[in-house]
Amino acid sequence: MKLGVFINDYKNTVETVDRLKADKLGFIFIQNGVFHATLKENGKPSSLLDRTTNLYVLSEDLATRGLTNSDVDSRVKVVTYGDVVDLMFNDYEKLAWL
Amino acid sequence: MGTLTMGCFSSLVGSKSLDFALKLAKAAADKGHKVNFWLSGNATVVGKAHQKHLKDYSTGEKPVMELLEKGVEICECEACALARGIQKPDAIPGIQWNAMHWYLAKIYSSDRVLHIGGE
């Protein structure tokens, strides 16, 4: 199963994520979840970024928070709403909201 | 093209999740996908007509009407709306009113489902 997970808040969701089993796992950071892609605590990026290589962040939600592409971890791809729709239909057959 | 069904169980007008869901629905409809949109809980407030569009204040009526014009099917949880004092004549024309079975039926006939939980 290919599972796309929308992460909408900046909190420790690692335990929940660890219980998700998928052949392909993707994280789409939206709303306050964009901080996973941009912030470092004690010099360390969010541990969620180590869980998969399929990482996306919504550009509009970055801009709303005064962030730009240059603030985003190099492992994360910046995407638009249209890109998110394509990911949903082309890359992930199941979707979850955390 | 596929069919996407979304259920929004989030907060009032101005909520981050509801705002996201409205924009995602528009993006999917713009790409030619069929979109079904279930409004539950406090999200039913977005379906009320005659919302005042205040400066710098988020409202949902305009994006909802745009979605309806694009052919998006939007349905309010009737019980949720009535519990919040919203009667059917108060709703934006074109919005459907039904019970949870509408959402379940749409889910079973969709290619993709995004169930957005509460905030």
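What share of the 98 residues in chain A is buried? Buried residues make up 36% of them. Here a residue is buried if 20 or more other C-beta atoms lie within 10 Å of its own, exposed if 12 or fewer, and partly exposed in between, with C-beta atoms placed from the backbone.

Before selecting anything, some conventions. This is a predicted model: local features need pLDDT of at least 70, side-chain atom pairs count only at pLDDT 80 or more, and totals for chains, interfaces and linings use all residues. Residues are numbered from 1 along each chain as its sequence is written, while chains are lettered from A and ligands numbered from 1 in the order in which they are written.

**Stop 1: all of chain A**

Select chain A and colour by secondary structure. It has four helices and seven strands. Helices (H or I, at least four residues) and strands (E, at least two) are DSSP runs, numbered from the N terminus. From that end the elements read β-α-β-α-β-β-β-α-β-α-β. The C-alpha atoms fill a box of roughly 35 × 30 × 20 Å, taken along the principal axes.

Now the contacts. Two residues are in contact if their C-beta atoms, placed from the backbone, lie within 7 Å. Among contacts in chain A between residues at least 6 apart in sequence, 59% join residues at least 24 apart.

**Stop 2: the sheet of chain A**

Show the strands. Five of them form an open parallel sheet in the order 6-5-2-1-7. Strand 6 (77-79) and strand 7 (94-97) stand at the edges with a single partner strand each, so one side of each has no neighbour in the sheet. Neighbouring strands are turned by 25° against each other on average, direction ignored.

Zoom in on strand 1 (residues 2-7) and strand 2 (residues 24-29) of chain A. They pair in the parallel sense over six bridges; pairing requires that DSSP finds at least two bridges. Pick A:Gly4: its bridge partner in strand 2 is A:Gly26.

Axes are lines fitted to C-alpha atoms, for helices over the stretch in contact, and angles run from 0 to 180 degrees between N-to-C directions.

**Stop 3: strand 2 of chain B**

Move to strand 2 (residues 34-39) of chain B. Five of its six residues are buried, so this strand is largely enclosed by the rest of the structure. Strand 1 (residues 3-8) of chain B pairs with it in the parallel sense over six bridges. There, B:Thr3 has B:Lys34 as its bridge partner. Four bridges join strand 2 of chain B to strand 3 (residues 73-77) of chain B, again parallel. Look for B:Phe37 opposite B:Ile74.

**Stop 4: where the chains meet**

Show both chains. The contact takes 11 residues from chain A and 18 residues from chain B. Helix 4 of chain A gives the most to chain A's side, with six residues.

Select that helix together with helix 1 (residues 16-30) of chain B. They pack at about 70°, with their axes 9 Å apart. The two helices are therefore roughly perpendicular (65 to 115 degrees; under 35 is roughly parallel, over 145 roughly antiparallel, the rest oblique). Finish on the side chains: A:Tyr81, A:Gly82, A:Val84 and A:Val85 meet B:Lys23, B:Leu24, B:Ala27 and B:Ala28.
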